[in-house]
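Here is a short walk through one protein chain. Keep the structure in view and follow the text from strand to strand.

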Amino acid sequence: MTHPIIGAWTAEARFGNQFRTDYLTTTFHADGTATVATSEGSHDGAWQATDASSAKLLVVRPVPHGEGMRGWFTMRGTAVLSPDGGTYTMQAEITRPRPDGGDALVPATLTGARLTADTAL
């Protein structure tokens, strides 16, 4: 598979109306899998091209034991590449299980930049 999203990216994620920013890296692999690394660890996912300049992404992470909940944290969104292919924006939705058995939905906006050997962080 060939698509301009393939490669490694850094990103800032802003969640809903919270004043919190998380930093992460995402690698979009040519086989349609993805790996996301956050301060909480590494998470697996899958991506699929939606057109020549965008791709949808699903990332999953099991809920850790001891949190009083069962299930998966998930993030779903679509990355839209800039015309030069060096950055992307993504509107995403994070689903978090709640102790009452329901789900909390948290909107997120991610802004990514292609990671190269010359990237200044």
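This is a predicted model: local features need pLDDT of at least 70, side-chain atom pairs count only at pLDDT 80 or more; totals for chains, interfaces and linings use all residues.

Start with one pair of residues. Glu-93 has Pro-107 in S8 as its bridge partner.

How far does the confidence reach? The chain has a mean pLDDT of 90. Of its residues, 98% reach 70 or more. Among the elements, S8 (residues 103-114) has the lowest mean pLDDT, at 92. Strand S4 (residues 41-51) has the highest, at 96.

Now step back to the whole chain. It holds eight strands and zero helices. Read along the sequence, the pattern is β-β-β-β-β-β-β-β. Strands of a sheet pair through backbone hydrogen bonds, either parallel or antiparallel.

Look next at where S8 meets S1. Strand S1 (residues 7-15) is joined to S8 by seven bridges, and the two run antiparallel. Here Glu-12 stands opposite Thr-111 in S8. Phe-28 stands opposite Ala-34 in S3.

Then turn to the empty space. Rolling a probe the size of a water molecule over the atoms shows where such space is left. The largest pocket holds about 520 Å³. Which residues lie closest to its centre? They are Phe-15, Asp-22, Glu-40, Ile-94 and Arg-96, out of 23 residues that line this pocket. Several strands contribute to the lining: S1, S2, S3, strand S5 (54-62), strand S6 (72-81), S7 and S8 each supply at least two residues. By class, the lining has 13 nonpolar residues, five polar and five charged.

Finish with the overall dimensions. Along the principal axes, the C-alpha atoms fill a box of roughly 45 × 30 × 25 Å. The chain has 121 residues, and a compact globule of that length would have a radius of gyration near 14 Å. The chain has 15 Å, so the two values agree.

Key
Residues are numbered from 1 along each chain as its sequence is written. Side-chain values use heavy atoms; hydrogens and water are left out. Two strands pair if DSSP finds at least two bridges between them. Helices (H or I, at least four residues) and strands (E, at least two) are DSSP runs, numbered from the N terminus. pLDDT is the predictor's confidence in each residue, from 0 to 100. On a 1 Å grid over the protein atoms alone, a cavity is a set of points where a 1.4 Å probe fits but cannot get out, and a pocket is an open set with protein on both sides within 12 Å along at least five of seven lines; lining residues have an atom within 4 Å of a point. Grid points are joined across faces, edges and corners, and a volume is the space filled by probe spheres set on the points. Ala, Val, Leu, Ile, Met, Phe, Trp, Tyr, Cys and Pro count as nonpolar, Asp, Glu, Lys and Arg as charged, and the others, Gly among them, as polar. The radius of gyration is taken over C-alpha atoms; the globule rule is 2.2 Å times the number of residues to the power 0.38.
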